Amino acid sequence: MCVYIYCAPAWFSSVLYIEWVGEHKDLRFVCDDINRVIIDDYPPYIKLTQRHRLIQINEYLEPYTHEPPDTNDIELKRVIEKLKSFK
């Protein structure tokens, strides 16, 4: 029997999740500094004036492999690399 254990990095518990209100996601809900980035899988929800700060991530859709590790899902790795280069 194989047992897979996945652990998030320590910093993950400090990531802020914002509950959005209204028609669009707005970086001003996070703070006054809208020079931050927003990661989302659906650009139409992002305010047009802030869409240049969007890092789009592909939605995780079926069929899910359910077999750890899911080597087909490389989106987190791709987005982390994009964040490293974002200015």
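Here are some friendly notes on the predicted model shown above.

1. Let's start with the overall layout. The protein contains one helix and two strands, and reading from the N terminus the order is β-β-α. Among its 87 residues, 16% count as buried. The protein exposes about 7,600 Å², and carbon and sulfur atoms supply 57% of that area.

2. Next, a word on contacts along the chain. If you take the contacts with a separation of 6 or more, 21% of them come from residues 24 or more positions apart.

3. How many salt bridges does the structure hold? There are three.

4. Now find helix α1, residues 75–85, where Glu 75 and Arg 78 lie three residues apart, about one turn of the helix. These two form a salt bridge, with 2.7 Å between the closest N and O atoms. Glu 75 is buried at a relative accessible area of 9%, whereas Arg 78 is partly exposed at 35%.

5. Stay with helix α1 for Glu 81 and Lys 84, which are three residues apart and therefore separated by about one helical turn. Their salt bridge has its closest N and O atoms 3.2 Å apart. Here Glu 81 is partly exposed, with a relative accessible area of 44%, and Lys 84 counts as exposed at 62% relative accessibility.

6. The aromatic rings deserve a look too, as the count comes to two aromatic pairs. Trp 11 and Phe 12 make an edge-to-face pair, 6.1 Å centre to centre with 65 degrees between the planes. Tyr 42 and Tyr 45 have ring centres 4.7 Å apart and planes at 65 degrees, so they are edge-to-face. Tyr 42 is partly exposed at 41% relative accessibility, and Tyr 45 is partly exposed at 44%.

7. Finally, turn to the surface. Leu 16, Val 21, Phe 29 and Val 30 form a nonpolar patch there, together giving about 380 Å² of accessible area. One of its members, Val 21, lies in the segment before β1 (38–40) and counts as exposed at 61% relative accessibility.

How values were computed:
Residues are numbered from 1 along each chain as its sequence is written. This is a predicted model: local features need pLDDT of at least 70, side-chain atom pairs count only at pLDDT 80 or more; totals for chains, interfaces and linings use all residues. Side-chain values use heavy atoms; hydrogens and water are left out. Patches are made of residues with over 30% relative accessible area and no salt bridge: like charges are joined within 9 Å, nonpolar side chains (Val, Leu, Ile, Met, Phe, Trp, Tyr) within 5 Å. Accessible areas come from the Shrake-Rupley method with a 1.4 Å probe; for residues, only the protein chains shown count as cover. A salt bridge is a side-chain nitrogen of Lys or Arg within 4 Å of a carboxyl oxygen of Asp or Glu. Helices (H or I, at least four residues) and strands (E, at least two) are DSSP runs, numbered from the N terminus. Buried means under 20% relative accessible area, exposed over 50%, partly exposed in between (1.4 Å probe, protein chains only). Rings of Phe, Tyr and Trp (its six-membered ring) pair if their centres lie within 6.5 Å; planes under 30 degrees apart count as stacked, over 60 as edge-to-face and the rest as tilted. Contact means heavy atoms within 4.5 Å.
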